[in-house]
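The sequence and the model are shown first, and a description follows.

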Amino acid sequence: MAVGHYDPETPAAPTLTLAEVWNGTRWRIVPTPLPVGHKFNELYGVACTTPVACLAVGDTAPEFDTHDRPLAESWNGSQWALQRIPAPIGPARSDLRGMACASETACVAIGGFHDDNDAFSEVWDGTAWKIKPVPQPEGTISSYLVGASCSGPSACTAVGGYQKEFGVDLTLVERWDGRSWSVQDSPNQGSLGSELYDVSCPSPTWCAAVGYSMGHNPNCEPPNTCPLTLAESWDGTTWTVDPTPAPPRHVFWFSLTGVSCTSPTSCTAVGNRTILPYELPFAETWDGSTWSLQHMPPDRGGDDFIFMNSISCTAPRACAAVGSDVIKTFAEVE
């Protein structure tokens, strides 16, 4: 199952939620309901515990109202239905950008407040969504979470970024123990900023997270002004930076946006590389000790603008990755 949103061709038409399901042979659009009277409706994260049990989250806003509110929908194998989900008290805009489920009765959804600049989370217990506070690293002035993974009801990890001073992003990792969130120390690479976009935890004591860092990119001038891929792993105690391949020649933007691991020795990550003026997807694989570049089509001589967003794997060589090419959805299956 993949979710997102789209803008109809009709002028001034509302932004609409989008869901597509893969049956092993083809992708098919499935209808998604919309809150009555809401003009902006977007889904960003989805988690399925079985083919007949999925939850998706995002944000929604009524017409003439700029305050985004959390949006949640559930899938029963044949149709999507809106769920009741609380919004924070007050005028702060809030949205949910990612989610993960350990079971049908244990899910976490994460995102951020737009106005308060704080990370935000809600937890599903099988009956209702509840807002759960997210602690901040000392000195934080803004934070957000975008990716999550659960290996059990009391073992979830969420990643994103935070700032202590404007202009410098730092990696943020939070751990859910079934009752509350706690900040985990995570390393940063490069002095001009690092962020984590996604995380995958195939066991309670091992996780991989990916994103970008502002490091030394010889294809840029000056060399530290373009992003490089960033990968980190957690061994149950400590987060460590794992080296990733250097960018190929002429690649300026080189970042990872999604990761999926079937074991601590088998992960696949997807991302985007910029060869001006084009944007193309790429992939990297982890064998337990090393990240390696992997070929990913299309690469037709630089005539594409492909933005790869996320990936899910059920086996080392059975993955689906999704994104868009500016005007339509895009998927690749291995």
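Which residue forms a salt bridge with Arg97, the closest N and O atoms being 3.0 Å apart? The residue is Asp95. A salt bridge here is a side-chain nitrogen of Lys or Arg within 4 Å of a carboxyl oxygen of Asp or Glu.

The model is predicted: local features need pLDDT of at least 70 and side-chain atom pairs count only at pLDDT 80 or more, while totals for chains, interfaces and linings use all residues. Residues are numbered from 1 along each chain as its sequence is written, and side-chain values use heavy atoms, with hydrogens and water left out.

**Salt bridges**

Three salt bridges are found in a search of the whole structure. They are set out below.

| Asp95 | Arg97 | 3.0 Å |

Through shared partners, salt bridges join Asp59, Asp95 and Arg97 into one network. Arg97 belongs to strand S8 and Asp59 to strand S5 (residues 53–62), so their pair ties together parts that are 38 residues apart in sequence. Strands are DSSP runs (E, at least two residues), numbered from the N terminus.

Asp59 is buried at 1%, and Asp95 is buried at 3%. Arg97 is partly exposed, with 28% relative accessibility. In the pair of Asp125 and Lys130, Asp125 is partly exposed at 36%, and Lys130 is partly exposed at 45%.

**Sheets**

Strand S8 also takes part in an open sheet of four strands, in the order S8-S9-S10-S11 with antiparallel pairing. Two strands pair if DSSP finds at least two bridges between them. Strand S8 (94–103) and strand S11 (129–132) are the edges; each has a single partner strand, so one side of each is left without a neighbour in the sheet. From one strand to the next, the twist averages 25 degrees; the axes behind such angles are lines fitted to C-alpha atoms. S8 and S9 run antiparallel and are joined by eight bridges, and Gly98 stands opposite Ile110 in S9.

Another open sheet has three strands in the order S1-S2-S3, again with antiparallel pairing. Its neighbouring strands are turned by 35 degrees against each other on average, direction ignored. Strand S2 (residues 16–22) is joined to S3 by four bridges, with Val21 opposite Arg28 in S3.

Strand S18 (residues 228–234) and strand S19 (residues 239–242) pair in the antiparallel sense over four bridges. Trp234 stands opposite Trp239 in S19. Four residues lie between the strands of this hairpin, where Gly236 takes a positive phi near 100 degrees.

**Nonpolar core**

A nonpolar core is a set of buried Ala, Val, Leu, Ile, Met, Phe, Trp, Tyr and Cys residues joined through side-chain atoms within 4.5 Å. The largest such core has 16 residues, and those with the most contacts inside it include Ile110, Leu145, Ala148, Ala158 and Trp181. Strands S9, S10, S12, S13 and S14 each supply at least two residues of this core. Ala158 touches Ile110, Leu145, Ala148 and Trp181, among others, not counting residues up to four places away in sequence; contact means heavy atoms within 4.5 Å.

Note on methods:
Buried < 20%, exposed > 50% of the residue type's maximum accessible area, 1.4 Å probe, protein only. Axes fitted to C-alpha atoms, helices over the stretch in contact; angles between N-to-C directions.
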